[in-house]
Structures are given as structure tokens and as C-alpha cells.
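Welcome, and please take a moment with the sequence and the model before reading on.

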Amino acid sequence: MLSIADIGLNSQEDYDRLESSLAQIDLVIALHDLVTRRGGWGEPGSDIDRLGLAMPPHPVPLDRTLPAAWSATRVSLEHIQRELRAALPPRRSLTPTALRRKHTIFPTVLQTVARRSLLASARCCYILGPDSHDERIENALDMLDQDARSQRRHYEAMDRFEVLSELRPTPELVKGQEAMRQSLLDRNKRVGDEVMLKKSAILIEEFLRKSGDGELPAKAIAEHFTWLFHVYSGVAHAWGWPWMAPRTDSAPGHFIADFSTTVSVGHIALRLVDQRSMAPTTQ
């Protein structure tokens, strides 16, 4: 198995790409801070505010799910940024073994954190990317349902506790949340992470085209998302197969290229959050 400190930093071009991604994270942080200064939620009359008002009673409300996603994007990327900046060797001393000598970072940890950022930022894009308010409502409900299913699995597991019984949810809590779930069963939709990532890729392609930031085929974005989702999930669950993946040149895959995509998606997500959180301007 390759060195735990191998992130594929083997050329000046790799160094340039990594530095560019680290600088882009500064933009993500700035956008997150800007949204936070607006009060942590959309301004009255903003798309996010209107979206929140359109949500039915739900076990996990939108003002929990959506800020959790955009905050996870910022925190995850900032964590990776700090680790890499602390470990990055001076350009003049760059050699293929420079990071191995420093030995202060563990890319498998960074990949696990990057996976969290990718899912969180894609979730923001899925909810906030559509131009249509009605489509944003449907996509938000998809994510709230997914959040609530995860919560329900947690409650069902805790409800069987005997020794740590204080962690069990109260019957009143379970009854109230189950009533809300039953009222939403007619949607009959189950959108998992893979479907969400594929649909987010289409929305990201449209966003890039409309904002004049170039064009990247949605299929290429979706396939890279799928690759990252599966390989990084394997890393996060401590399986051995990710190091057997084709074209694995570092830890596994080419971390710098994968990281660049993850950061770009995070930047797009926070740009959308910024835009959707602003109240419409009066003419």
C-alpha cells in the first residue's frame, strides 16, 4: 500500500493546482461568513426564506437540513485547507517525497472529510440550483425526507437500548414525528445520495453555463461524483478495495484532482446559498 502521506504531489503542475484549490476555499469561507452575517438564514423575501415558508411540518425542518449542509461544506473544506497548508513543502524544495518526510497528514482522513463536503455541497446545489420555486420545493422535500429517514433509523436503534436507556427517544417525540411522517407518505419518493449527486451534476452544469464560467458536460461531472462517492465511501469505511481501483496513483485516485472537483462544487454551493439568501431588490 502506498505511503499514508501520498497525495500525488509529484510536479509543479500538481503544486499549482493544489494552491489554486486552497485559495478557492478562502472564497467559500468568505461567502459562508457573508451569509452568516445576514442572520444565518435567508433574508425576508429571499428564495431561501420563501422555500422555508413553503415547507409542511416535518420531523427535520429545512432550517436544520439546509444550514447543516452549507456549514458542513465550509467547515470540511477549511479543515482540509489548514491541514494541507501546514504540511505543504516550499515550492523550491518540492520533491515527490517532500510530504512523506514531513509526515503530518493522513490523506485517508482528508478523503473522508472531502466526501462529507461533496455530499453537503451537492445537497445545497440540489435544493437551491433549480430556477423554478416549485422545483426547489420538491427537491427540498426530497432531502428532508432523506434526513428524516436517517433520523428514524437512529431512533429505532436507540429505542432498543436497555443499559443506556436515557438515550432513548421519548414516546411523545416518536409519536409526534411519526404523525408528521404519515402526513407526507403520499409523496412516495425516495431519493438517495447517488440520485441526488447525478441530478446535482445537471444543475451545476446549468449554473456554470448561465454564469459564464465555462462549460463542463453534466455527464462528466456526474461520473466524477459517482467515482468519488464510491471510492471515498470505501475509504471512510476502512475497506481495502479502494486501493485496487483502476488508475489509482496516490491515496487512492489522484487526490489533488479529486480535491479540485470537491472544492469547486463547494464554491458553487456557497455561491448559490449567497444568491438565494438575498432579498429581491426593489425597482
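This is a predicted model: local features need pLDDT of at least 70, side-chain atom pairs count only at pLDDT 80 or more; totals for chains, interfaces and linings use all residues.

Residues are numbered from 1 along each chain as its sequence is written, and side-chain values use heavy atoms, with hydrogens and water left out.

**Overall build**

The protein chain has 10 helices and 0 strands, where helices (H or I, at least four residues) and strands (E, at least two) are DSSP runs numbered from the N terminus. Read from the N terminus, its elements run α-α-α-α-α-α-α-α-α-α. Of the 283 residues in the chain, 49% are buried; buried means under 20% relative accessible area, exposed over 50%, and partly exposed in between, with a 1.4 Å probe and protein chains only. Contact here means heavy atoms within 4.5 Å. Among contacts with a separation of 6 or more, 79% join residues 24 or more positions apart.

**The core**

In soluble globular proteins, nonpolar side chains tend to be buried together. The largest nonpolar core in this model has 64 residues; such a core is a set of buried Ala, Val, Leu, Ile, Met, Phe, Trp, Tyr and Cys residues joined through side-chain atoms within 4.5 Å. Leu18, Leu66, Leu84 and Phe259 have the most contacts inside this core. Several helices each supply at least two of its residues, including helix 1 (12-37), helix 3 (62-87) and helix 9 (218-236). The largest share, 12 residues, comes from helix 5. Leaving aside neighbours within four places in sequence, leucine 66 is in contact with Trp41, Ile48, Cys124, Ile127 and Leu128.

**Helix 10 and its partners**

How do helix 8 (residues 193-210) and helix 10 pack, and at what angle? Their axes lie 11 Å apart at an angle of about 70°, the axes being lines fitted to C-alpha atoms over the stretch in contact, with angles from 0 to 180 degrees between N-to-C directions. The two helices are therefore roughly perpendicular; under 35 degrees counts as roughly parallel, over 145 as roughly antiparallel, 65 to 115 as roughly perpendicular and the rest as oblique. On the helix 8 side, Ile204, Phe207 and Leu208 meet residues of helix 10, among them Val265, Ile268 and Arg271.

The structure holds 2 aromatic pairs. In one of them, the rings of phenylalanine 255 and phenylalanine 259 have centres 5.5 Å apart and planes at 10°, so the pair is stacked. Rings of Phe, Tyr and Trp (its six-membered ring) pair if their centres lie within 6.5 Å; planes under 30 degrees apart count as stacked, over 60 as edge-to-face and the rest as tilted. Phenylalanine 255 and phenylalanine 259 are both buried, and they sit 4 residues apart in helix 10 (residues 255-277), about one helical turn.

| Residue | Relative accessibility | Contacts |
|---|---|---|
| Arginine 136 | 2% | Asp47, Arg50, Leu51, Ile127, Leu128, Pro130, Asp131 and Arg276 |
| Glutamine 151 | 16% | Pro59, Val60, Gln177 and Arg181 |
| Serine 260 | 14% | Arg17 and Ser21 |

Arginine 136 lies in helix 6 (residues 133-158), and glutamine 151 has its place in helix 6 too. The C-alpha atoms of glutamine 151 and valine 60 are separated by 8.3 Å, although these residues are 91 residues apart along the chain. Serine 260 belongs to helix 10.
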